[in-house]
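Here is a short tour of the protein shown below.

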Amino acid sequence: EEGEAPADASASRPDFEEEIAKQERIIEQQKGAIEGFEEQAQAERERAELLYAHYDLVDEVLSTVQEARENEVPWDEIAETLDAGAERGIPAAEAVVDVDGGEGTVTVELDDENGGDGEDSGGGDTIRVELDASEGVEVNADRLYREAKRVEEKKAGAQEAIESTREELEAVKERKREWEEQQAADDGGDGDGGNGEDEQDD
């Protein structure tokens, strides 16, 4: 039985390192999520601001599509008309890069006049914005602002989660310190000064 004591003592040591590594991995993942939410919220806000920066152009695109739909013009015909307009150099038609009749959306590509403050702008040339073709500029911009706000709320939730994980990490480190102090105290009692992990249980 004496021979089993070291193995028992070693087995009884909680795996603090694994738990600490696990909590640290979770924190890294949460940090990545927060950065992602920040970028996404900024991108949505930039898109909303671009709609106002190009208000007349976007308004012309939406009005053209809405008028055509009121006259029961099929979506594929609207797309063809816009293509033809783009070939003639009409700016509003040139801005349209996609027409999706199934979704009722029109995607426009707009110049980012900020010179690319955001990550999404790729150096500040153009940004694509998907529009609800049945609504006006303001409603589309408002939807983007609301989406930015929703993402920011998710970011706030992730920040709370990271605080909770950090507390958990500190608690594990504290348990490890206490355990090691207890082992050191037990070692002292043995009068051996050896490694407490390989001595007896308590």
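With which side chain does the side chain of E163 make a polar contact? The partner is the side chain of R166, at 3.2 Å. A polar contact here is a pair of N or O atoms within 3.5 Å; within protein, one must be able to donate a hydrogen and the other to accept it, and residues adjacent in sequence count only if both atoms are side-chain atoms.

## Ground rules

This is a predicted model, in which local features need pLDDT of at least 70 and side-chain atom pairs count only at pLDDT 80 or more, while totals for chains, interfaces and linings use all residues. Residues are numbered from 1 along each chain as its sequence is written, and side-chain values use heavy atoms, with hydrogens and water left out.

## Overall layout

The protein has six helices and three strands, and along the sequence they follow the pattern α-α-α-α-α-β-β-β-α. Helices (H or I, at least four residues) and strands (E, at least two) are DSSP runs, numbered from the N terminus.

Of the 202 residues, 30% are buried; buried means under 20% relative accessible area, exposed over 50%, and partly exposed in between (1.4 Å probe, protein chains only). Among contacts between residues at least 6 apart in sequence, 65% join residues at least 24 apart, where contact means heavy atoms within 4.5 Å.

## The sheet

The three strands form an open sheet in the order β1-β2-β3, with antiparallel pairing. Two strands pair if DSSP finds at least two bridges between them. Since β1 (96-100) and β3 (126-132) are at the edges with a single partner strand each, one side of each is left without a neighbour in the sheet. Neighbouring strands are turned by 20° against each other on average, direction ignored.

Four bridges join β1 to β2 (residues 105-111), and D100 has T105 in β2 as its bridge partner. Helix α2 (residues 16-53) packs on this sheet, touching β2 and β3, and its direction makes about 80° with that of β3. Axes are lines fitted to C-alpha atoms, for helices over the stretch in contact, and angles run from 0 to 180 degrees between N-to-C directions. In the hairpin of β1 and β2, four residues lie between the strands, and G104 takes a positive phi near 70°.

## Two nonpolar cores

A nonpolar core is a set of buried Ala, Val, Leu, Ile, Met, Phe, Trp, Tyr and Cys residues joined through side-chain atoms within 4.5 Å. The largest one has 25 residues, and L51, V108 and V129 have the most contacts inside it. Helix α3 (55-70) is among the elements that each supply at least two residues, and α3 gives the most, with five.

Leaving aside neighbours within four places in sequence, V108 is in contact with residues including V61, A95, I127 and L131. A second, separate core of twelve residues includes F16, I27, I162 and W179.

E163 is found in helix α6 (residues 137-190) and counts as partly exposed, at 41% relative accessibility. The C-alpha atoms of E163 and Q30 are separated by 10.0 Å, although these residues are 133 apart along the chain.

Q23 belongs to helix α2. Is Q23 buried or exposed? Q23 is buried, with a relative accessible area of 6%. The side chain of Q23 makes a polar contact with that of E19 (2.9 Å). Leaving aside neighbours within four places in sequence, Q23 is in contact with T165, E168 and L169.
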